[in-house]
Amino acid sequence: MSTNEELLNSITSGSELDSTQTVPEQLTVLPLRDMIIFPNMIFPILIGRTSSLKAVSQALEKDKFIFVVTQIQAGIDEPALNDVYEYGTICKILQVIRLPNNLLKVLVEGVFHGKIDEAIQNPECLEAKISILRYESTIVDAELEAYIRRTQEAFASYVSTNKHLPPEIQSAFDNIEDPIRKLYYAAANIDKNVHAKQEILQQTSLIMQYKQLLTILKDEIEVLKLEEELDTKVADSIQKTQRKYYIQEQIRALQKELDGDEELTPEMLTLLKGIEESGMPEEVKTRVMEEFDKFKKTMSMSPEYSVLRTYLETVIALPWSKVTDDCTDLEHVSKILNEDHYDMEKPKERILEFISILRMAGTAKGQILCLSGPPGVGKTSLARSIARALGRSFVRISLGGIRDEAEIRGHRRTYIGAMPGKIIAAMKKAGTMNPVILLDEVDKMSMDFRGDPSAALLEVLDPEQNNTFNDHYLELDYDLSKVLFITTANVKYNIPAPLLDRMEVIDLQSYLDFEKVQIAKKHILPQLLEEYALKQYNIKFSDKALLKIIREYTRESGVRNLEREIASVLRKIARSIVGQGEKNDRKGFAITDEDIESYLRTPKFKDSDANLTDKVGIATGLAWTSVGGDTLPVEVSIMPGSEKLTLTGKLGDVMKESAQAALSYIRSHTESLSIAGDFNKGKEIHIHVPEGAIPKDGPSAGITMTIALISAATGKPVRGDIAMTGEITLRGMILPIGGLNEKLLAAKRLGIKTVLIPEGNAKDIQEVNPHILKGLKVIPVEHIEQALSYAFRKWTITRSDAKIVQSEKKEVVKKSTTRRSKQITQKPSQQKGQSSKRGVKA
């Protein structure tokens, strides 16, 4: 027989228990897990641990009293006195019943509130010297009476709120007169963890025990109220859902009764009405109705439900038949264009031609305009003016940085979060079938593994294909033929050739200084005065003041920086007005050129006459950049060293080849150029183009490099008031270049008086603005030796065989022109430096 069984037999074989004996000072200790017993409480305890069985056995031998205390940590199997709370309850063992599995059921009654004073050594179980904490229950002062009343109210509220407690508990509580019994009865019936209840036993004062009990009751009441609110909300939500479902079922039944059609929800009826009223073509409507039938059969809880609903809403929102009436009154259109933009005669003329065709034919199919020019010359605003003049909706799509084909064609609906492409989204935003859609920065698209967006644009901009444009999201044919597409670009050479072939390019040239003055007076200044609320102060800028800002504080093709500088002046004026407050009595501000430096500080650009002096080894070239024309000085130095050609200034491959071609020409014509045949023997030739951080490339710096090399080799200074541009061949022929207008403007801005251009560009002079040519001498040259007499103040032509050179001209021009055409049509990725906004194309 096991030890536990022997203990159980000895415990249960005793006679009837006697409950009339007094409490001894030393008691065995019975630790409890997750349980607490209060005085005046009868409760059964299941015992299975050997030490606990021995504690009960010894208690039965010592007048049936035992000290019951809660363990601090329930996970300890064999606790010591340090593992139990100091305060507990002295209990009397009323009954002992043996159960299967070596368990013992002990019925105990809490008698007194006790405390462990001293541990007593007992090898079999826990034992200690216990002191009884007694209270004078008959003495109830005002403070204790107040706590008792508040506890009665709180306990009544707790019982009424807690659904798990029967109402009889409240009745029994009210019938108890003794405050001590009342306290422990309430504590025993609170649904709280044992450690919180233990805090009541830890108190040695009856008032403090009531205070702790009241705190527990208030916390529990708050928690129960929150639970009740949550239950109410959940119940209301369920009732609302059930009511909605019931009403929907009634609507479906009525709908079925009325027309015998399938059951349709109000949401479905709205979509069906939208499909009927959208005016979409029959073949499109058939396809959409198939999607609608699929939508009807889909459960509302299914993810496919929201996908189909979004698709149908998108299709319905598209304009399928709505068009706006075009205003084809040429006088009205011309008036609006002139209001919004100064000059721009060529673009305005082309727009009026477009509107004339629109008026006569009723349609202008195939008209895709590309506005090409430097930043800030009014490309985007011109497109907006066209829409305003025609009375059409205007939508702008920015294509800069787009590298995903899906941005144009849309995502397929198999993908999560799929949406239509930018074209269909623009049509939805416009709300009509014939808007003006601006495709901004069409030259700045890129491509990667996700596709080529420029290829996707081919269908959009092709008049023969865009009447059946198919978006991946819609999977329907959509008619874009009524749309007026306008694209913008800074560098048209960066546009892929197939895409460029579908557009008519209109070049917007850089603004001249006098044009910028007029734009500032007629557009920029009135707009800023309106924006800053300064119209009442009569602020005027003189023409000289505006010219000073243009020439000394901005150097650009457009007017963006000019607008910023004028805005800076106006802000300083506004600050002075606000600072003076009521003392300000000025009725107007007249800004002269002398006032500009006080507002804008030191000029950013100051042209010096020293730049136009004659120098040896330095020639001024002209370059074209994506932001307009610029001057490009080329410096050459010949010095002792290893025989080599050094090129610096971050030059591209084409400019490096131009430098090598220039050197080869000079070495093969030293006699006619009056240069020593061994001028480069034991010498290092260094060609440098300043502003080395900016990439430079292009074929038109050949003549400049040749002149600078000849100057360095002969020691003759190059004229400082002359600039030149053109590509050179090994035979000395000067080949045509592009960007003539911008280059001449850059020369005029610097104060250059004479410009040498290729003979092949002589025909382009008539396209140049007369204001640029005013005060500028433009000289076409066909061969480098023709340029020498202009580039050097004293030069004598000593060519020995002019006939041979003349006979070679035709053949060289033909070959070099072929080379140039290849250079222009190469891919943008091969044009080093040309695609960079700050890059220079010589």
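Which residue's side chain meets that of Lys 521 in a salt bridge? I looked it up: the partner is Asp 543, at 3.1 Å from N to O. A salt bridge here is a side-chain nitrogen of Lys or Arg within 4 Å of a carboxyl oxygen of Asp or Glu.

**Ground rules.** I noted that this is a predicted model, where local features need pLDDT of at least 70, side-chain atom pairs count only at pLDDT 80 or more, and totals for chains, interfaces and linings use all residues. Residues are numbered from 1 along each chain as its sequence is written, and side-chain values use heavy atoms, with hydrogens and water left out.

**Lys 521 and Asp 543.** I placed Lys 521 in helix α18 (residues 513-531) and Asp 543 in helix α19 (residues 543-552), so the pair ties together parts 22 residues apart in sequence. Helices (H or I, at least four residues) and strands (E, at least two) are DSSP runs, numbered from the N terminus. Lys 521 is partly exposed at 35% relative accessibility, and Asp 543 is partly exposed at 36%. For these words I used set cut-offs: buried is under 20% relative accessible area, exposed is over 50%, and partly exposed is in between (1.4 Å probe, protein chains only).

**Other salt bridges.** I found 35 salt bridges in the structure. One of them joins Arg 392 to Asp 326, with the closest N and O atoms 2.7 Å apart. These two sit 66 residues apart, Arg 392 in the loop between α13 and β8, Asp 326 in the loop between α10 and α11. Arg 392 is buried at 11%; Asp 326 is partly exposed at 25%.

Next I checked Asp 721 and Arg 793, whose closest N and O atoms are 4.0 Å apart. They are 72 residues apart in the chain. Asp 721 is buried at 17%, but Arg 793 is exposed at 52%. I also saw a network of salt bridges linking Arg 287, Glu 291, Lys 294, Arg 413 and Glu 475.

**His 472.** I found His 472 in the loop between β10 (469-470) and β11 (477-478). His 472 is buried, at 18% relative accessible area. Its contacts (heavy atoms within 4.5 Å) include Glu 405, Arg 409 and His 411.

**Helix α26.** Which residues are buried in helix α26 (residues 784-791)? I listed Ile 784, Glu 785, Ala 787, Leu 788 and Ala 791.

Note on methods. Lists of a residue's contacts leave out its neighbours within four places in sequence.
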